[in-house]
Amino acid sequence: MRFLVEGKKLVVLQGDERIVIEAWGTNSLRVRMTKEAEMDDNNWALTETVGKSDAKILISEIDVTEPWNKDDESLHKTASEAKIVNGEIEARVSFEGWISFYNSKGELLLSEYWRNRNRIDRYAVPLNVGARELKPVIGTDNYTLTARFEANENEHIYGMGQYQDEQLDKKGAHLELAQRNSQASVPFYISSLGYGFLWNNPAIGSVVFARNKTEWTAKCTKKLDYFITAGDTPSQISYQYHLATGFAPMMPEYGLGFWQCKLRYRTQEEILRVAREHVKERKLPMDAIVIDFFHWTKQGDFKFEERDFPDPEGMIIELKKLGVEPVVSIWPTVDDRSENFGEMAEKGYLVKADRGVSLTGTWCGNVVYFDATNPDARKFVWEKCKENYYSKGIKCFWLDEAEPEFGPYDFDLYRYRIGPALSCSNIYPYFYAKGFYDGLLKTGEKDIINLTRCAWAGSAKFGVLAWSGDVHSDFKALRIQLKAGLSMAVAGIPWWTSDIGGFVGGYSKDPDFIELFIRWFEWGAFCPVFRLHGERQPWTEGGYETVDGITKPTSGSDNEVWSYGEEVYDICRKYLNVREELRDYIRRTMKETHTDGLPVMRPLFYECFDDENCIGIEDEYFFGSRLLVAPVMEKGVYRREVYLPSGDDYTDFWTSEVYKGGQTIWVDAPIDVIPLFIRGDEVI
């Protein structure tokens with residue numbers, strides 16, 4: 001075991017391992033380990049310039065004599081240990097080589113799991129299980145990685161992105177580190193012990209937050225790489241994390257209001273008819289309307305189909321006169337019949353297969369995903385979209401299929417420009433969004449937002465508005481989406497939404513679905529982006545049509561706020577207007593997100609970290625800092641308990657009744673009411 005100091009880096013040499021611990025921003029450290037001759041230079045999510053640090057490094061000699069030999073000086077032994085301190089965080093490396101982290105109060109935050117016996121400590125457990133393992137993958141130049149940490153039974157873990165389960169507290173969870181439709185792996189969490197942790201590795205893998213240990217794995221990688229930061233409050237931890245990974249832009253004004261969407265508006269006349277009725281005839285607020293998939297000729301052509309959209313410029317001009325921003329769906333799939341397929345294949349812009357062919361057969365044709373990790377491929381796709389969409393007035397894009405959604409998710413089959421998919425697939429949505437963000441920025445756009453069906457650590461800085469994918473239409477899915485949105489928020493993806501009503505399985509005439517739709521719509525008004533979407537049953541005209549050899553879906557049933565009867569319409573209109581009344585408040589909240597890295601949706605523990613009662617409450621949250629939301633997410637429920645955190649008074653949004661914090665109350669929640677409380681003296 002040897003310790004070296006290289007500038008502000010503490011280097012630990014242990015056998016063939018090289019460990020580097022260095023200051024990385026405010027109150028934060030980055031830890032890397034490799035068995036390669038040179039450290040892999042990918043920074044992955046840690047892209048921002050963090051500035052100089054006054055970190056202090058100390059290497060010292062300690063007495064490691066065995067207890068039963070203390071009186072025998074001839075057996076006296078010493079060894080070295082080291083520590084690095086950066087602001088409020090300290091890493092200590094023992095003479096055995098295991099690492100532990102402390103805050104400025106000397107409290108243990110996190111320590112490596114070490115069950116090994118060495119030549120000095122005869123009392124160590126002889127399991128020969130270490131904290132860090134890089135094992136070569138036979139026949140390749142890559143490794144499998146395992147990293148283990150001690151568990152703390154009193155710890156609560158929040159974040160990690162979007163998973164379709166009902167756990168907000170991830171303690172005890174086993175999470176796949178992989179992107180799928182409705183699953184977004186964003187491997188950053190905030191601990192109740194006062195630290196944040198980023199697994200800075202886009203490889204396919206898993207993490208288990210078990211009671212006996214925490215174990216991270218990566219199936220194919222070159223190095224161990226993680227970032228840890230300490231703070232007195234969750235907001236301080238979020239700020240330090242965003243300093244290292246990037247802050248979200250300022251939300252554009254049209255992101256604050258209501259977005260109308262369905263699967264799908266087939267023609268420009270359908271789009272205009274809905275927008276005219278909504279805005280001009282019914283005089284309801286609408287900020288954006290979405291033009292969904294298969295408005296195009298072929299996948300990979302990236303342009304409007306002339307038959308259904310004969311005058312896209314005229315359509316866009318009329319929409320903008322109505323105050324409605326058009327949003328256009330983009331898929332990263334390229335049909336082998338596309339006019340761009342040959343050029344993209346020849347130039348290496350498509351994802352490749354290590355075995356067999358890379359074409360994926362689907363109901364809509366044989367397609368290949370473009371390689372978003374290739375900067376030239378990103379530029380090519382953006383230039384096509386700039387020519388065919390942006391030049392006509394489109395500046396907001398729906399980046400669908402962003403995981404990407406491979407047919408089966410056989411990650412070991414595919415290869416990107418930057419490496420095998422097993423080693424980097426999780427970063428695909430990050431680069432997909434970056435391509436459009438960079439392109440829009442270059443045109444002069446400033447406040448950029450793109451709707452995206454996946455994200456990874458650091459995606460927020462590219463104006464990513466993530467949504468939770470093609471989820472089912474039932475109350476269980478609704479409850480899960482609340483946990484998913486809050487977990488994404490803590491993981492550093494502050495702009496998030498779901499398909500109001502769920503995406504699939506909603507029958508528009510079913511009373512049970514209508515109740516679900518109402519409750520989802522009420523809650524949607526208090527999500528970062530308020531967006532109605534879904535594939536409503538029954539389908540029209542048989543479901544599919546074939547034009548010029550291209551199979552396209554027709555459309556689901558109507559999905560406008562007036563499509564479900566007068567009672568539902570009156571409730572929807574009420575919440576459309578409430579969202580408008582909150583516009584100034586939401587804008588201030590978005591400014592906090594942009595400048596301070598604060599999430600828009602915040603679990604109770606996040607805002608009221610000093611109230612221990614908030615830890616176990618997972619069905620309430622703060623929308624911004626001053627509005628407590630307690631949605632109804634059960635069928636047939638019209639009254640519910642609400643816990644009001646201590647330290648403030650709370651005013652019922654609907655009745656103006658004032659309650660003291662630190663208590664649980666029962667409130668009525670008839671079908672048209674979502675329980676809301678204003679915290680403190682905020683005026684809304």
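## Strands β19 and β20

In this predicted model, strand β19, which covers residues 258–260, pairs in the parallel sense with strand β20, which covers residues 288–291, and the pairing runs over two bridges. One of the residues involved is glutamine 260, whose bridge partner in β20 is isoleucine 289. As background, the strands of a sheet pair through backbone hydrogen bonds, and the pairing may be either parallel or antiparallel.

## The sheet around them

Both strands belong to an open sheet of eight strands with parallel pairing, in which the order is β31-β30-β29-β26-β21-β20-β19-β33. At the edges stand β31 (496–497) and β33 (530–532), and because each of these has a single partner strand, one side of each is left without a neighbour in the sheet.

Helix α3, made of residues 312–321, lies across β20 and β21 (325–330), and the helix runs at about 135 degrees to β21.

## Helix α1

Elsewhere in the chain, helix α1 spans residues 234–245, and its twelve residues reach 16 Å from the first C-alpha to the last, which is close to the 16 Å expected at 1.5 Å a residue. Nine of these twelve residues are buried, so α1 is largely enclosed by the rest of the structure. The buried residues are Pro234, Gln236, Ile237, Ser238, Gln240, Tyr241, His242, Ala244 and Thr245.

What do the buried residues of α1 pack against? Their partners are the strands β4 (28–34), β14 (184–191), β15 (195–199) and β18 (224–230), together with helix α12 (604–607). Just after α1 comes glycine 246, which takes a positive phi of about 110 degrees.

Terms used
Residues numbered from 1 in each chain as written. Predicted model: local features only at pLDDT ≥ 70, side-chain atom pairs only at ≥ 80, totals over all residues. Heavy atoms only, no water. Pairing = 2+ DSSP bridges. Helix = DSSP H or I, 4+ residues; strand = E, 2+ residues; numbered from the N terminus. Contact = heavy atoms within 4.5 Å. Axes fitted to C-alpha atoms, helices over the stretch in contact; angles between N-to-C directions. Expected span 1.5 Å × (residues − 1). Buried < 20%, exposed > 50% of the residue type's maximum accessible area, 1.4 Å probe, protein only.
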